[in-house]
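This report takes up a helix pair, a nonpolar core and a handful of loop residues. The sequence and structure come first.

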Amino acid sequence: MPNLSITACSFCLRKMNSKNKNGVYNLNEELSFSNISGNSYHFTNCSELFELFFEKHSSLTSYADREQTFQCLYNCKNCIETDAFKMIYTKINSGMYGSTSEIIDGNTSNLNYKKKASDIDVRPFYLAIVFPKDNQKVTVQKGMFIFQNVGQYGVKTITTYLMQQFFKNNYKISLNCMTIAPSLFIKKNLKKENISKIRMIKNFKSSDIADNQSLGYGVEVREIGNLNFTESRWEKIKDSIRYAAGGKNNLFEFENKKYDNLKVEVKIGTRTRTIGVHNLENLSIIEDIPDNIKMLTGHPNEKLLMEYLVTVVSEYLEEMVLSVEE
């Protein structure tokens with residue numbers, strides 16, 4: 001039975017075509033503006049915009065360009081509030097079509113059904129949207145998306161695409177998705193047991209300008225596979241990875257040698273990916289959901305899932321920067 005997992009990222013809303021911090025909306029403040037048709041709107045806070053998105057997509061709709069269906073099943077009671085954040089959630093029904101397959105009984109190997117290209121294998125998923133609360137130190141501009149996945153299947157791509165179209169076409173708002181925090185991505189995804197290969201790159205520059213015009217001049221690449229580090233050595237490597245990820249110009253140090261660039265081959269969810277440690281800004285965190293939350297259907301128990309997400313969100317918020325830094 002496929003594992004259940006979550007994909008988590010942060011988001012912000014900004015005025016279209018704005019490039020500085022002044023164009024970013026504060027998530028917990030009132031909004032008043034005219035939409036693209038000239039109609040005036042007033043919202044108590046940004047969560048109401050997402051509730052309108054859920055309402056807009058309450059019917060199952062097929063998107064031929066993606067060969068995928070999408071539907072939001074939202075109830076205004078789907079809201080959890082703590083001292084630190086407000087979280088609304090919806091169930092999303094989505095399925096892919098466009099190819100044939102055979103449905104075979106797993107116990108007998110008998111053919112039960114031949115799936116046609118027009119048949120849609122619709123699955124339920126959950127999406128939680130988190131709005132951290134303002135405090136004395138910060139006015140919140142960044143929220144959090146947490147998408148629930150089933151095995152290799154998920155709805156992050158189509159959901160964020162439809163949200164971006166909805167906000168852009170109706171309210172001239174841009175939706176931007178980012179990592180929650182580079183340090184948290186490293187903690188959750190760049191684990192010793194997940195990493196299969198480390199590639200370290202050192203770029204040398206000659207004082208002779210003519211040398212630097214030659215392609216490939218001065219590049220040293222060191223690659224290590226079949227990793228088997230002791231815990232103490234791994235802690236040092238992890239600290240070096242964390243430092244390198246903290247800034248574009250931060251060097252990665254390994255065995256008393258410093259490298260300009262670091263890439264790691266790591267298994268994230270069901271896929272093996274090559275991650276550039278200096279480029280974590282747009283990556284999502286993926287981690288497994290505890291087995292006790294999964295029902296016999298292979299899908300999560302809603303109550304247990306939301307209780308688990310409250311714990312996850314509280315942990316994530318400890319490392320998340322809640323305002324846009326530009």
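Where is the place of Asp83? Asp83 sits in the loop between S6 and strand S7 (85-96). This is a predicted model, and every value below is computed from it.

**Loop residues**

Asp83 has 79% relative accessibility, so it counts as exposed. Its C-alpha atom is separated by 7.7 Å from that of Lys133, 50 residues apart along the chain.

Asn78 belongs to the loop between strand S5 (68-73) and strand S6 (79-81). Is Asn78 buried or exposed? Its relative accessibility is 12%, so Asn78 counts as buried. The cut-off for buried is under 20% relative accessible area. Setting aside neighbours within four places in sequence, Asn78 is in contact with Leu73, Met87, Ile88, Tyr89 and Thr90.

The loop between strand S1 (4-15) and strand S2 (31-34) holds Asn17. Lys21 lies in the loop between S1 and S2 too. The C-alpha atoms of Lys21 and Glu325 are separated by 7.2 Å, although the two are 304 residues apart along the chain. Glu255 is placed in the loop between strand S15 (252-254) and strand S16 (257-259).

| Residue | Relative accessible area | Class |
|---|---|---|
| Asn17 | 72% | exposed |
| Lys21 | 35% | partly exposed |
| Asn78 | 12% | buried |
| Asp83 | 79% | exposed |
| Glu255 | 47% | partly exposed |

Backbone angles come next. Asn17 is a residue other than glycine, yet its phi is positive, near 70°. Glu255 is not a glycine either, and its phi is positive at about 50°. Just after H2, Lys172 takes a positive phi of about 55°.

**The helix pair**

Two packed helices are described by the angle between their axes and the distance between the axes. How do the axes of H1 and H2 cross, and within what distance do they come? Helix H1 (residues 47-56) and helix H2 (residues 156-171) have axes that come within 11 Å and cross at roughly 110°. H1 is therefore roughly perpendicular to H2; angles of 65 to 115 degrees fall in that class. From H1, the contact is made by Leu49, Phe50, Leu52, Phe53 and Lys56. From H2 come Thr159, Leu162, Met163, Phe166, Phe167 and Tyr171. These residues divide into 9 nonpolar, 1 polar and 1 charged.

Does the length of H2 fit, or what span should its 16 residues have? At 1.5 Å a residue, H2 should span 22 Å. Its end C-alpha atoms are 22 Å apart, which agrees. Buried residues in H2 are Ile158, Thr159, Thr160, Leu162, Met163, Phe166, Phe167 and Tyr171. An α-helix has 3.6 residues a turn, so residues three or four places apart point the same way.

**The nonpolar core**

Which residues touch the most other members of the largest nonpolar core? In this core of 87 residues, they are Leu13, Phe50, Ile129, Phe145 and Phe167. Helix H6 (residues 302-317) gives the most to the core, with 8 residues. In soluble globular proteins, nonpolar side chains tend to be buried together.

Phe50 links these topics. It is part of the H1 contact with H2, and it is among the core members that touch the most others. Neighbours within four places in sequence aside, Phe50 is in contact with Phe11, Leu13, Ile88, Ile129, Phe131, Phe145, Met163 and Phe167.

Terms used: Residues numbered from 1 in each chain as written. Predicted model: local features only at pLDDT ≥ 70, side-chain atom pairs only at ≥ 80, totals over all residues. Heavy atoms only, no water. Axes fitted to C-alpha atoms, helices over the stretch in contact; angles between N-to-C directions. Helix = DSSP H or I, 4+ residues; strand = E, 2+ residues; numbered from the N terminus. Parallel < 35°, antiparallel > 145°, perpendicular 65-115°, else oblique. Contact = heavy atoms within 4.5 Å. Nonpolar A, V, L, I, M, F, W, Y, C, P; charged D, E, K, R; others polar. Core = buried A, V, L, I, M, F, W, Y, C linked by side-chain atoms within 4.5 Å. Buried < 20%, exposed > 50% of the residue type's maximum accessible area, 1.4 Å probe, protein only. Expected span 1.5 Å × (residues − 1).
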